[in-house]
Structures are given as structure tokens and as C-alpha cells.
Amino acid sequence: MTDHLDETIDRLTDETPDGHLLAALDAVERSHSGDAPPAAAVMARIRASRSPLDGPAWSWARSLRLFMLLLGRQSRVVPWQVVPATLALMAFAGLGARFFAVGWGATVVSHAFCSMVLAGVLLSVTMAFGDSRADMISSATPLGTGAVTLVRLVFILACDVVFGLMVTAVMGAQGYGTFGVLLVGWLSPLLLVAGVGAMLAIRFSTGVGFGVGLLLIIAIRLDPFGFAGLVDASRSGAAQSPEQLVLAVAGLVVCAATVAFAGRLSGARMAATTV
């Protein structure tokens, strides 16, 4: 009995495999596996089967339903402070414009009002995209970071436009400027300011995006660098239509770049924080 145990131990610990022992182990494995097919047959069946990625493309209606579903879910992801902070800054824009209306001309009033409305848009965008927890959620979704970034950007900008329209309507009704002229003054650079703020907030933080965005608003509205007044709310729409087009196209490009590179920007921020 002792000799048999020693022989078995020598076979198990020997560097050269014993054919009889391997055959016995293979037989035991087959006995426990039952009628399961071998691994080679399973892999061949998987390769021959149809991939889910080869299915028919989604219809526009289904894509729109998914987009609206994600749009509604953004209210649970975006920090709740975004809405009251934006409303407060929009209200301050109207009060500030009234202050500048005392002893100042219509140009100063329009510049001050449009600048503060853009600051409210910038604040909401940077607060929405500067949250690292929201970035983790968007990076984990199977739709991809770019799709979630696009939906969140649309959600924030829609709220900002609604708030801005309300304040602009009040300003126009009270005689502090023409509604259409004031609307164009902050609506044309809206995408450019929001895109730059969102990109920097995703990559760095809310503070960095808001600070650089404020400098961009100053460059657009107050013209300290000789930009020749890209948007002047005191001029007619026909006189400043080329400048509006330049700002709108630049804003679309920046927003598209933000959506396209959102995953890389978020990944670079997470990598920098973990180092």
C-alpha cells in the first residue's frame, strides 16, 4: 500500500506528464460533463451564429424615443443646483440692465444684459459637466460618452434658452430694448460659450471652464482685444448678420468637438486625478 502511494505521488509531482494519468483525468472530466459538446464545437457554433451587431438599423422613431428618454433622465443626473443658480443669474441680468439704464445709453444696457445672460448659460453648463460622478455614469453607459454628452448639452441649453427668453421678454416689455435685438445679442454666441465651457469643465473642472468662459464673453461682448464688436445689440440685424453667422458656425464646431472628444477628455481628467 505504501509503495502504491509513493508511486502515485511520484507521478503527480514528476515534471514529465504521465499519459495514463492524463487520460484518467480526461475520462473523469468527460464523465462529469455529460452531453456537453467540446470547446471546439462551441467556438465554431459561436462563429457561425449571427452577431447582434449585424441586425437591422434602428428607425428614426426608435432613436428619437431613446433620445427623449435620455433627455428626461438628465434631470436625475444633472446637479439640482443648476436650475436655481441659472435662474438667479438670469434675474440678476435683468436687474443689472436696469442699473445700467440709469445714465447710460442703450448700447451699454444691451451689452450688460447679454453678457450676464451668457454668464448664466456658462454657469449652468460648467456646473452640469464639471461633476465627476456624472462623468463616471456617462462613461459606463453602453451608448458611449459622446451620446450622453450630447443629450445633456441639449437638456441644459434648452433650459437656458427658455430662461433667457423669459428674461428678454420682460426686458423688452419694460422698454429696456427691442426684444429681437436683445435676443440676437446673447443667442448668437450661445453655442460658442457653452461649447468652450463644457469642454474645459469635462477636462478640468467647473472653475476652469467658468473662468475661461468669462474671458471669452468679455472678448465677444466688451471687445477689449479689437474684435470689432462681433455682436452689437444696438445695431440692426442686417448690419451684423455676418458676425452672427461666424459665431454660430464657430459654436457648432466647438460643440461638435466637445461631443466627439468627450470620452477622451473625461478619461484624461480621471487619469490625472488618480495619479
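This report describes the fold, the nonpolar core, selected residue pairs and the surface of a predicted model.

## Basis of the model

In this predicted model, local features need pLDDT of at least 70 and side-chain atom pairs count only at pLDDT 80 or more, whereas totals for chains, interfaces and linings use all residues. Residues are numbered from 1 along each chain as its sequence is written, and side-chain values use heavy atoms, with hydrogens and water left out.

## Fold and burial

The chain has 13 helices and 0 strands, where helices (H or I, at least four residues) and strands (E, at least two) are DSSP runs numbered from the N terminus. Along the sequence, the pattern is accordingly α-α-α-α-α-α-α-α-α-α-α-α-α. Of the 275 residues of the chain, 34% count as buried; buried means under 20% relative accessible area, exposed means over 50%, and partly exposed lies in between, with a 1.4 Å probe and protein chains only.

## The nonpolar core

A nonpolar core is taken here as a set of buried Ala, Val, Leu, Ile, Met, Phe, Trp, Tyr and Cys residues joined through side-chain atoms within 4.5 Å. The largest such core holds 45 residues, of which Phe113, Val121, Val125, Phe129, Leu157 and Trp186 touch the most other members. At least two residues of this core come from each of helix H5 (82-101), helix H6 (106-129), helix H8 (145-173), helix H9 (179-187), helix H10 (190-203), helix H11 (206-221), helix H12 (241-260) and helix H13 (262-274). H6 gives the most, with 14 residues.

## Residues and their spatial partners

Ser110 belongs to helix H6 and counts as buried because its relative accessible area is 4%. Its C-alpha atom is separated by 8.7 Å from that of Val181, although Ser110 and Val181 are 71 residues apart along the chain. Gly146, in helix H8, is partly exposed, with a relative accessible area of 21%, and its C-alpha atom is 5.6 Å from that of Ala262, 116 residues apart along the chain.

Val167, also found in helix H8, is buried at a relative accessible area of 16%; Val167 and Leu183 are 16 residues apart in sequence and 9.8 Å apart in space, C-alpha to C-alpha. In helix H10, Leu200 has 18% relative accessibility and therefore counts as buried, while the C-alpha atoms of Leu200 and Gly211, 11 residues apart along the chain, are separated by 9.7 Å.

## Aromatic rings and the surface

A search of the whole structure finds 0 aromatic pairs, a pair being rings of Phe, Tyr and Trp (its six-membered ring) with centres within 6.5 Å, whose planes count as stacked under 30 degrees apart, edge-to-face over 60 and tilted for the rest. Arg203, however, lies over the face of Phe204, at 4.7 Å from the ring centre; the criterion is NZ of Lys or CZ of Arg within 6 Å of the ring centre and within 35 degrees of the ring normal.

On the surface, Val42, Met43 and Ile46 form a nonpolar patch with about 250 Å² of accessible area together, the areas coming from the Shrake-Rupley method with a 1.4 Å probe and, for residues, only the protein chains shown counting as cover. Patches are made of residues with over 30% relative accessible area and no salt bridge, with like charges joined within 9 Å and nonpolar side chains (Val, Leu, Ile, Met, Phe, Trp, Tyr) within 5 Å; a salt bridge is a side-chain nitrogen of Lys or Arg within 4 Å of a carboxyl oxygen of Asp or Glu. Met43 has its place in helix H3 (residues 39-48) and is partly exposed, with a relative accessible area of 40%.
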